[in-house]
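Here is a colleague's note for someone opening this entry for the first time. Please keep the sequence and the structure in view while reading.

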Amino acid sequence: MRSLSLLVPFAMLALSACTTTPGAEAASSTAASETGAAATTGMTLTDAMIQLPAVPGRPAAAYFTLTVGADTTGKLVGVTVAHFKRAEMHQSKMVGGAMTMDPVDTVALTPGKPILFAPGSFHVMLFEADSTLKPGSTTELTLTFDSGKTVSAAAKVTAAGSDDMGGMKM
Ligand SMILES: [Cu+2]
């Protein structure tokens, strides 16, 4: 009996020594408060926008922000936009001083890090719009993930801007 009662406090001491490493605890709580994303799960689609082409018949572009939860992983595997027959994900990049773009099949999610589809970066190119789509209206943009999950949001339809098209020239 006596040796047993001595063993228990020893075991607890050893356990607490392992789990309360001061450095590790401080690091994890700092990370959580800095990102503010510790409680965020799943994905949120915001700022969805369709930019119609300056010249009819040319592709339109779609931009959006996808907020990715701190515990969310996976891959974005497709985009569809109502009123367009076809959508492709592209990535713009500078090659030899000129902006070019390549189709991308998937975009990997990094937990806690938003994905921005914006001029000069990732973007969606949209083909074969139906004629009912006008600036000032909205349409629905849907993202599909490798899990089979989809996320949708209303996207504002805007006329072609006079701003830099960010490599939209084909
Ligand atoms: Cu493109």
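1. Confidence. This is a predicted model, and the mean pLDDT of the chain is 80, with 70% of its residues reaching 70 or more. Over residues 4–39, however, the pLDDT is below 50, and this stretch has eight contacts in the model beyond near neighbours in sequence. Where pLDDT is low, the predicted coordinates should not be read in detail.

2. Overall make-up. The chain contains two helices and ten strands, and along the sequence these follow the pattern α-α-β-β-β-β-β-β-β-β-β-β. Of the 170 residues in the chain, 21% are buried. When contacts between residues at least 6 apart in sequence are considered, 70% of them join residues at least 24 apart.

3. The nonpolar core. The largest nonpolar core has 27 residues, and those with the most contacts inside it are Ile50, Ala62, Val81, Val124 and Leu126. Two or more residues come from each of S1, strand S2 (60–68), S3, strand S4 (84–95), strand S7 (115–117), S8, S9 and S10, and S2 gives the most, with seven residues.

4. The partners of S9. Strand S9 pairs in the antiparallel sense with strand S3 (residues 75–81) over five bridges, and in this pairing Gly78 has Thr144 of S9 as its bridge partner. Strand S9 is also joined to strand S10 (residues 150–158) by seven bridges, and these two strands run antiparallel; here Thr142 has Ser152 of S10 as its bridge partner. The hairpin of S9 and S10 has four residues between the strands, and in this hairpin Gly148 takes a positive phi near 95°.

5. Gln51 and a contact across the sequence. Gln51 is found in strand S1 (residues 43–51), and this residue counts as buried because 24 other C-beta atoms lie within 10 Å. The C-alpha atoms of Gln51 and Ala160 are separated by 5.7 Å, although the two residues are 109 residues apart along the chain.

6. Most residues other than glycine have a negative phi, and most peptide bonds are trans. Against that background, two residues deserve a careful look. Asp47, which lies in strand S1, has a positive phi of about 55° although it is not a glycine, and Asp47 is partly exposed because it has 14 other C-beta atoms within 10 Å. Glu128, whose place is in strand S8 (residues 122–129), has a positive phi of about 60° and is likewise not a glycine. Is Glu128 buried or exposed? Glu128 counts as exposed, because it has 12 C-beta neighbours inside 10 Å and a residue is exposed with 12 or fewer.

Note on methods. Residues numbered from 1 in each chain as written. Predicted model: local features only at pLDDT ≥ 70, side-chain atom pairs only at ≥ 80, totals over all residues. pLDDT = per-residue confidence, 0-100. Contact = placed C-beta atoms within 7 Å. Pairing = 2+ DSSP bridges. Buried ≥ 20, exposed ≤ 12 C-beta atoms within 10 Å, placed from the backbone. Core = buried A, V, L, I, M, F, W, Y, C linked by C-beta atoms within 7 Å.
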